[in-house]
Amino acid sequence: MAYPSVIEVEHLNVRYNSEMALTDVTFTVSTGDYVGLVGPNGAGKTTLIKALLGLLAPESGRIEIFGQPVNRFSEWSRIGYLPQRVTSFNPLFPATVKEVVGIGLLGDKPFPKRFVPADGEKIRQALNLLEISHLRGKLVSELSGGEQQRVFLARAIVSDPGLLILDEPVTALDPQTRDNFFAIINRFNREKGTTIIMVTHDVGGIGQYANKFLYLDKKLVFYGPFSDFCRSPEMSKHFGDHSQHVICHQHD
Ligand code: ATP
């Protein structure tokens, strides 16, 4: 079932102890949007992602994902998530590439969680797409950082999610692999209509791919189409003409 909006956030406030990480954040992401989520260090980007995934409880506000309140959301296989630090993967955990990718299919299965034959085909397709089929039997802990990143992206897409959330995914990748990575994400967005949230520090590059720009600095500084951002005198004043140009120059 298609929902007109994939994410609805209203008056979201998130606090860590005495400090507000996000104040009064409101925005809506529609089906098929590709959102570039940008902001300085400590702006609350990862915090926002964690709130969207129900990993932390907001102080107040409303979050709905695919039309359901996030705290009651149950269809987690509809969301693919690539976290910022794949190094949080326990290097001593002896899992193979194929097993780690398969974890992406277990989210919605009832207990006891078991693979069915069709899952093998989905895993094969994901490995193919990320060009890591030859690594299928290797231990993830023995792969390079870039190879691990591809394994975790394969895990994020294996369930063919309607929403893909990527938190600074390209930091460990060489330029060639990074371009391939962006091309794959783009194909998901354009061909399957997958909604994408991409956290990035590459403000000059993200306009090539994303149609919406979300600039966060503990509150929402801007959210909307790139074209609106690039024409906004208010944003020229906030960022300065030069920075606005850097963000806008690659966007057609
Ligand atoms: P970066 O670009 O550096 O990754 P970010 O925009 O993702 O930053 P967050 O990681 O969301 O920023 O952090 C936002 C603020 O909340 C920061 O000031 C950070 O120190 C604080 N913070 C994040 N996680 C916690 C936590 N678990 N406990 C207390 N404070 C936290």
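Analyst: This is a predicted model. The salt bridges come to 11.

Start with Asp-33 and Lys-212. They form a salt bridge, with the closest N and O atoms 2.6 Å apart. Asp-33 lies in the loop between β2 (19–30) and β3, while Lys-212 belongs to strand β9 (residues 212–216), so the bridge ties together parts that are 179 residues apart in sequence. Both Asp-33 and Lys-212 are buried.

Next, Glu-59 and Arg-15. Their side chains meet in a salt bridge at 2.6 Å, N to O. This pair also links distant parts of the chain: Glu-59 is in the loop between α1 and β4 (60–65), Arg-15 is in strand β1 (residues 5–16), and 44 residues separate them. Glu-59 has a relative accessible area of 45%, so it counts as partly exposed. Arg-15 is partly exposed as well, at 39%.

A local case follows. Arg-124 forms a salt bridge with Glu-121, the closest N and O atoms being 3.2 Å apart. Both lie in helix α3 (residues 117–129); they are 3 residues apart, which means a separation of about one helical turn. Arg-124 is partly exposed, with a relative accessible area of 40%. Glu-121 is partly exposed too, at 37%.

Last, a network. Salt bridges link Glu-8, Glu-10, Arg-62 and Glu-64.

Technical notes:
Residues numbered from 1 in each chain as written. Predicted model: local features only at pLDDT ≥ 70, side-chain atom pairs only at ≥ 80, totals over all residues. Heavy atoms only, no water. Salt bridge = Lys/Arg side-chain N within 4 Å of Asp/Glu carboxyl O. Helix = DSSP H or I, 4+ residues; strand = E, 2+ residues; numbered from the N terminus. Buried < 20%, exposed > 50% of the residue type's maximum accessible area, 1.4 Å probe, protein only.
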